[in-house]
Amino acid sequence: MNVYNKEFFLVFLIGLAIVLLLAFTIIVFVIAYQKRMLNERLKREKLEVAYQQKMLEATLISQENERARIATDLHDSVGAMLSTIRLTLHAAESQLNENNLFANSKQMLDETIETIRRISRDLLPVNLERFGLSQTLQEMAERITQSGKINVLFREEGEKTSLKKEREVQVFRIIQELLNNSLKHAEATEIVLHLWWSDTLVLLVKDNGKGFELPKEENFDETKTGVGLHSINLRTKLLEGTITIKTEKQKGSEFLITLPL
Amino acid sequence: MIFLNVLSYIQSISSFVLLLIFLFNYSSTDGNFKLIGALAGISTIANILQESVPRFLNGAYLNQIGEAYQLLSVFVISLFFLKLNNTKFARILFYVLNVTCFVLWVLLLVYLNDHVLFSVYSVISYIGLNVFAILYFGYLLKYLPSDNLLTVPEFWVASAVLFNFSGYLIITLSYGYLVEVLKENTILYWSLFNVFTIIFYALISYSMVLHVKNIKATSRERL
């Protein structure tokens, strides 16, 4: 190889190396840039989810507080006043002869007092704080069964774990909403409420009602599915749980919710 | 000479392997990767012709086969990228590149073995394909796929194109000097062409395997 050839060979090799290095740099840059941007996007999405979670939590807590306030007002003020009126009426009844009229008024008043108690109990589950989730659900199941309209079978398995108060309220609200849905819309004659306690809490609420059309959207937009399902979904998300729904027209529906403990 | 022959055979085998991968998984490839399969087919036919024609025609038409293959490969690869990133600029580039290459190819048929014309033809086609690959990288940066890029088959095709045609470009730019000055010593330089082609088909074969895997995985998910 003569001098010219050697020089050319060197220049050629350097040129080739530079161009290949450039091509390689472009490829590596694209990979690195994409990774960096994806990481940033992931971070942003995590922040957004955390922010939404906080907002949701704040909304639900303020909703709970508002319910508690209304329940207390109903129980302490309206309930107390109605009870006083009832006593006054009772006293007046013994002095007057219009027994029939008084009896009707008393019955209406009793019903009103009972309604106020029920609303108050639903709004503020005092028993939940006193006796815990299992006892409250057991009572709720018995109360609904005693009403005679529908039979609620409550079952529980596994070793119970104590939940934080806020989480317990959310679980209770989910079950309350599911039972309400079955009572109001499903035209069911039987509801099965089953709780499995392990590393997770698995809730099964199943009825033999008429079923419903499952929404296509995973987030159960409240304008399309109604407030109930939307609220159940929100609370499940807040508890970082998952929800599986099976429903068939005229064969009932089944909600399986898994919540981490 | 033996070394160059061995490289030449490996190069032929590499495009044939890609063709086999494509044919065995024909139903699991989408339209875009069928183009890559077509490229492998064209390359295999060109290789067979380049091996067999000189035996019968005493070396004639050897360059014409290569030039025709180059024209078709430019068309197929640029169409592949155009389908991935169909912007106005890409469309204009596609038409300008292919029309220019076609005109130059016709001129090469008229002025047989014109080195300068062949260099111009090659340089334009390699730069055009590199621009397509870079445009596709730009598209990836703009739309950021959520998958790891190393699992995106098209990314490997673009990398192979950029790497291969950058190498081709440098060799081609030295073409005039190689022919005029080095004369019989050019054989080593030409072997570089084969090395780049082998790497090119190896990368494209990998992308084809990835593509088939992805398609099969997607079909399984649907089931």
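Chain A of this predicted model has six helices and five strands, where helices (H or I, at least four residues) and strands (E, at least two) are DSSP runs numbered from the N terminus. Read from that end, the elements of chain A follow the order α-α-α-β-α-β-β-α-α-β-β. Residues are numbered from 1 along each chain as its sequence is written, and chains are lettered from A in the order in which they are written. Local features need pLDDT of at least 70 and side-chain atom pairs count only at pLDDT 80 or more, while totals for chains, interfaces and linings use all residues.

Of the 261 residues in chain A, 20% are buried, that is, they have 20 or more other C-beta atoms within 10 Å of their own, with C-beta atoms placed from the backbone.

Turning to the interface, 17 residues of chain A are in contact with 19 residues of chain B, contact meaning that the C-beta atoms, placed from the backbone, lie within 7 Å. The chain A side of it comprises 14 nonpolar, three polar and no charged residues; Ala, Val, Leu, Ile, Met, Phe, Trp, Tyr, Cys and Pro count as nonpolar, Asp, Glu, Lys and Arg as charged, and the others, Gly among them, as polar.

Within chain B, the axes of helix H4 (residues 88-110) and helix H5 (residues 115-143) come within 10 Å and cross at roughly 160°, the axes being lines fitted to C-alpha atoms over the stretch in contact, with angles from 0 to 180 degrees between N-to-C directions. H4(B) is therefore roughly antiparallel to H5(B), a label for angles over 145 degrees. The residues of this contact divide into 16 nonpolar, three polar and no charged.

Key: Angles under 35 degrees count as roughly parallel, over 145 as roughly antiparallel, 65 to 115 as roughly perpendicular and the rest as oblique. A residue is buried if 20 or more other C-beta atoms lie within 10 Å of its own, exposed if 12 or fewer, and partly exposed in between; C-beta atoms are placed from the backbone. Two residues are in contact if their C-beta atoms, placed from the backbone, lie within 7 Å.
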